[in-house]
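I set out below what I looked up in this structure, entry by entry. The order runs from the whole chain to single residues.

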Amino acid sequence: AYDLNSGVAFTFSVDTSIPRGSSGQTTPPTTITDTGTRSSGGTGPPTPPASAQPVSVADVENPANIVSKTDYKTVTSTNPDGVEVSRKASFQEVKVSGGSAAPIYSFNVGVKNTTNNTLKNVKVMEVIPKAVASNVSKITFKQTPSRIINPDPEVEWLVEELAPGAEAKFFYFVNDLSDKSIK
C-alpha cells in the first residue's frame, strides 16, 4: 500500500474573490497563493438565492451550461517518491433548469505517477477547508470517495493501481462556500 499523504504535505488555498470590471465582466484574480493570503477589493462572486436549483455534476461538466468561469492557479507538488499531486479551483456560474444561473466552486485533485514503477493502493486524502464546506454533506462528488475519514470534511479515494505515467483525477464542488466572509 502507498499512502500518498505521508509524502506530500502542503496547504491548498485559493483567493475566491472575483474582481468585476465596470461592464460587469469578470477578470482573473490578481493574487493567488498557497498560504491563504488573498487580494482585497472587488465585490466577489454572487451568493446563490435561498431557493437555488440543485446543480448536478452533468450541469457543471456541460460546456453549454457555463455562463462564466474563472480558473485559479493550479498548485502542484511532487513528493520524494515521484508522485505528483495537483489541485485546481474554479468559480463558475452554471445554467440550471429554468434558465437561472447558479454559482459553484469546483475543485479538481489529481495524482500522477512520475516513476517507472507501478504503485498499488494509492490513498489520496483530501482535507477540505471549513471555509469551503462545513460538512461532507455540502459537497457534490463526481467520484464517490472510498472512505469518509471525518464528515468535518476529510475524504479519501483509493487508486488500486497507478501505472508509470498514469493519472487519477477527482472532482467535487459546492454550491456556496461555508465562510460567507470570503470575497
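I first checked burial: 39% of the 183 residues of the protein chain count as buried, where buried means under 20% relative accessible area, exposed over 50% and partly exposed in between, with a 1.4 Å probe and protein chains only. The model is predicted, so I noted that local features need pLDDT of at least 70 and side-chain atom pairs pLDDT 80 or more, while totals for chains, interfaces and linings use all residues. Residues are numbered from 1 along each chain as its sequence is written, and side-chain values use heavy atoms, with hydrogens and water left out.

I then looked up the accessible surface, which comes to about 9,400 Å² for the protein chain, with 47% belonging to carbon and sulfur atoms; the areas come from the Shrake-Rupley method with a 1.4 Å probe.

Next I listed the secondary structure: the protein chain has 1 helix and 10 strands, taken as DSSP runs numbered from the N terminus (helices H or I, at least four residues; strands E, at least two). The order from the N terminus is β-α-β-β-β-β-β-β-β-β-β.

I turned to the nonpolar cores, each a set of buried Ala, Val, Leu, Ile, Met, Phe, Trp, Tyr and Cys residues joined through side-chain atoms within 4.5 Å. The largest has 27 residues, and Val124, Ile128, Phe141 and Tyr172 have the most contacts inside it. Strands S4 (83-95), S5 (101-113), S6 (119-127), S9 (154-162) and S10 (167-174) each supply at least two residues of this core. A second, separate core of 9 residues includes Val57, Val96, Phe171 and Phe173.

I examined strand S8 (residues 147-150), which pairs with S9 in the antiparallel sense over 3 bridges; pairing requires at least two DSSP bridges. The two strands form a hairpin with 3 residues between them, and arginine 147 has glutamate 156 in S9 as its bridge partner.

Is serine 77 buried, partly exposed or exposed? Serine 77, in strand S3 (residues 75-78), counts as partly exposed because its relative accessibility is 23%. Its C-alpha atom is 9.8 Å from that of valine 111, 34 residues apart along the chain.

Lastly, I looked at asparagine 79, in the loop between S3 and S4. Asparagine 79 is buried because its relative accessible area is 4%. Its side chain reaches the backbone nitrogen of aspartate 81 at 3.0 Å.

Definitions and conventions:
A polar contact is a pair of N or O atoms within 3.5 Å; within protein, one must be able to donate a hydrogen and the other to accept it, and residues adjacent in sequence count only if both atoms are side-chain atoms.
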